[in-house]
Amino acid sequence: QGPLVESGGALVQTGDSLRLSCLDSGRSFTDYAMGWLRQAPGKEREFVIGMSYTGSRTFYSDSAKGRFTISRDSASGTVYLQMNSLQPEDTAIYYCAAHLSGTYEDVRAYGYWGQGTQVTVSS
């Protein structure tokens, strides 16, 4: 296990909601912007949603806008991904990672990836 550990993935139905957690137990990324990214079967890893290190700005992919939110609990060192109105197209392994440098929507801007957690949305 690395410094970031995701949890909360599950098998759900279309239209359900789900909250994923990313634990930064060592508080290694207090001053980092954070993001959630995913990789669906047969596809490249893609950016989903991210937030500035202060939490003042949020950056969305087209698929996440209006359905997903990202939040941070500094006390527990946890970054959350709240997913609503889930669709089968959201089925993927979801990763959290620290934004290091560059464009927020670019997966190459991230590092210190977690191990991922599986989200499956049945149709």
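Is His99 buried or exposed? His99 is buried, at a relative accessible area of 11%; buried means under 20%, exposed over 50%, partly exposed in between, with a 1.4 Å probe and protein chains only. This is a predicted model, in which local features need pLDDT of at least 70, side-chain atom pairs count only at pLDDT 80 or more, and totals for chains, interfaces and linings use all residues. Residues are numbered from 1 along each chain as its sequence is written, and side-chain values use heavy atoms, leaving out hydrogens and water.

Stay on His99. It sits in strand 9, residues 92-99 (strands are DSSP runs of E, at least two residues, numbered from the N terminus). Show its contacts (heavy atoms within 4.5 Å). Beyond four places in sequence, His99 touches Tyr32, Ala33, Met34, Tyr104, Ala109 and Tyr110. Its side chain also reaches the backbone oxygen of Gly102 at 2.8 Å.

Next, select Cys22 and Cys96. A disulfide joins them, S to S 1.9 Å (cysteine sulfur atoms within 2.5 Å). The link is right-handed, with 55° about the S-S bond. Cys22 lies in strand 3 and Cys96 in strand 9, 74 residues apart. Both cysteines are buried.

Now follow strand 3, residues 18-23. Six bridges join it to strand 8, residues 78-83, running antiparallel. Leu23 stands opposite Thr78.

Methods:
Pairing = 2+ DSSP bridges. Helix = DSSP H or I, 4+ residues; strand = E, 2+ residues; numbered from the N terminus. Polar contact = N/O pair within 3.5 Å; in protein donor to acceptor, adjacent residues only side chain to side chain.
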